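Here are some notes to read alongside the model. They start from a single residue and then turn to strands and helices.

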Amino acid sequence: MTKRLKIRDLTMRDGQQSLFATRMPQESIDKLLPLYKDAGFYSMEVWGGAVPDSVMRYLGEDPWYRLRSIHDAIGDVSLLSALSRGRNLFGYVPYPTSVLEGFYKEATKNGLGIMRIFDALNDLNNVADSVKLINSMGAIADGAVCYTVDPKDAAAADEPQGFFARLFGKKKEAPKRIFTDEYFIEKAKGFEALGAKIITIKDMAGLVNPARVASLMPKLKAAVSVPIDFHTHCTPGYGLASCLMAIIHGVDILDTNIWWFGEGSAAPAIELIYVFCKKLGVELEVNMEAVAKIHKELFEIRRGLAQFDLHKDNFPHDFNPLTDELPADVDAQFDAAIAAAQANDEAALLDACHAIEDYFNFPKPNVIVKTAEVPGGMYSNMVAQLRTLKQEEILDDAMALIPKVRRDAGLVPLVTPTSQIVGTQAVQLALDRKKGNADYTTVSNQFKSLIRGEYGKTPVAIDPAFREQITGSAEEHDYDTSSYRKPDNPELPELGGVKLAQNEPEYLLLELLPAVATNFLKTRREAEYAATHKDEPTAAPAAEEAPAAEVAPITGPTFNSPMGGKIIEVNVKPGDKVKRDQKLLVYEAMKMENDLLSDMEGTVKRILVEEGQVIGANQPLIEFEG
């Protein structure tokens, strides 16, 4: 019986997210839809993760319309897939079940067929409600287990330490390995028990090497009865080889992108997977002639995204596996890769796959990401943070501190949002050390929440003493959605008194992404108001403003910002008497919220900033009486 392989196409979500910062506009999507209807993918991942945020923030487009427009064009030919962080949905806070239910109900109404549900800690308690809700609404709950590895310092600890250790053969005891095959099998079985109809191994950093796939995939197939999906990226150079190994070991669904949106930091290109499948006698359940038409259209779309293209200097050579003949030496590399995979010869398999990718001019493996074993997006974000702070020289120090922060934080997998939290804290730790401060002098509110237990159970229990150091209490506290506050939906008097959100879908956007949705909806209401009041006379010009009052010079001691950011909240007012370590302000830096605690006792004389203000490093924020 011919082996068949289903494909989940990631081009319209993860492909553009990984390569082009989620900037593909609706007009480009519309060009592709008639072609996708003919392609017949099992599933198309089109929504979730960064899509709702980015299409509102950068494109001024409605996320619900994007999902609905794709379903209207595709129908039931392909199941539309989206991504959810379980209890956290798209954000950094746990939502009540009522919000989850409203979001999932609206998503399925707009055409969602599969919801891929994951939790950054692999805490099944955080995904149970989502699995139940999705199944109850007639969609497919896809349980995604986040793949990660033990920090490299665990392996280094196996080696003798120092001269006398080498002399007498004494070895430092290695930390217990956590992320074994059995760990992932346990999580997969747990997802199936909750009701998941698909299990995905979600390798967000591309860290699954081929040998691990050969070990893990057969065990997964034997442990669960639902289909297994494999999702990986090519960033560190394993992606193509690991996908081939997954096919050989019986994976049911494979995640791919179409040529111009594949490889590099994205998933492997389906065209290369097709060549492997043809040689293996595996039937790809896709109309490759339709894929070739999408492939052609995507070339122009990618050219239009050049300013966001992470690999614009690595534009791949064109290739249509239905019409283009491979040179004999390249064709031989495909055969060599298959033979190496079947023999479980990882080195030879990687050599052959890299030779194939080199021939087509796909990006080479990212050695930094491979060595650090972190997601590519996490690394690029740390670089951007340090560049903003003009502290690029401590990047190596921050990267080297990631294993420490992970271990202190319960060995969390590195996927949004934990990758952002851990990466930012590693940067803060490196900055603290550079300033001569004790470790964890500067701690983001999200890191405190993680250590407190509000994100869920970490793979390894957090040391109570460390929890007390970071949060002020050794006690663990689960998330508490009873404190959740629904966002305001204000009237806009300047626009005739209309509500900011006009309906339930718009209000859901406010709940999920308050700041971004507020700007998006305000712009939408302004456009509607202008369209219905275009014949009204414009207002008279405002009277000339009086010159601003002269600001009195600062004469007292000041509390200054440790780094640049944006003021979120001011917690004191003039005349307040404050104690040392009392919270003065909350500011956002590097996408994390940080409490600023007073380093002195005194009486507040003046607040020198206001909420929403962007501040620089070492800027005076509060003046105290002298």
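1. Val330 is part of helix H14, which covers residues 328-342. The model is a predicted one. Is Val330 buried or exposed? Its relative accessible area is 5%, and the cut-off for buried is under 20%, so Val330 counts as buried. Along the chain, Val330 and Tyr359 are 29 residues apart, yet 7.6 Å separates their C-alpha atoms.

2. Strand E7 spans residues 228-231. In a regular strand, side chains alternate between the two faces of the sheet. In E7, Ile228 and Phe230 point one way, while Asp229 and His231 point the other way. All four of these residues are buried, Asp229 and His231 included.

3. Which strands pair with E7? One is strand E6 (residues 198-202), which runs parallel to E7 and is joined to it over 4 bridges. Within this pairing, Thr200 has Asp229 of E7 as its bridge partner. Another is strand E8 (residues 253-256), also parallel to E7, with 2 bridges between them. Here Phe230 stands opposite Leu254 of E8.

4. From E6 the unit passes through helix H10 (residues 210-223) to E7, giving a right-handed β-α-β unit. E7, helix H11 (residues 239-248) and E8 likewise form a right-handed β-α-β unit.

5. H10 deserves a point of its own. The helix has 14 residues, and the distance from its first C-alpha to its last is 20 Å, close to the 20 Å expected at 1.5 Å a residue.

6. Which residues of H10 are buried? They are Pro210, Arg212, Val213, Ala214, Leu216, Met217 and Leu220. The buried residues of H10 pack against strands E6 and E7 and against helices H9 (181-194), H11 and H15 (346-359).

7. A separate point concerns an open sheet of 4 strands, in the order E12-E19-E17-E14, with antiparallel pairing. Its edge strands are E12 (558-560) and E14 (577-578), each of which pairs on one side only. E14 pairs with strand E17 (residues 602-607) in the antiparallel sense over 2 bridges. In that pairing, the bridge partner of Val578 is Gly602 in E17.

Note on methods
Residues numbered from 1 in each chain as written. Predicted model: local features only at pLDDT ≥ 70, side-chain atom pairs only at ≥ 80, totals over all residues. Heavy atoms only, no water. Buried < 20%, exposed > 50% of the residue type's maximum accessible area, 1.4 Å probe, protein only. Pairing = 2+ DSSP bridges. Right-handed = clockwise from strand over helix to strand, strands pointing away. Expected span 1.5 Å × (residues − 1). Contact = heavy atoms within 4.5 Å.
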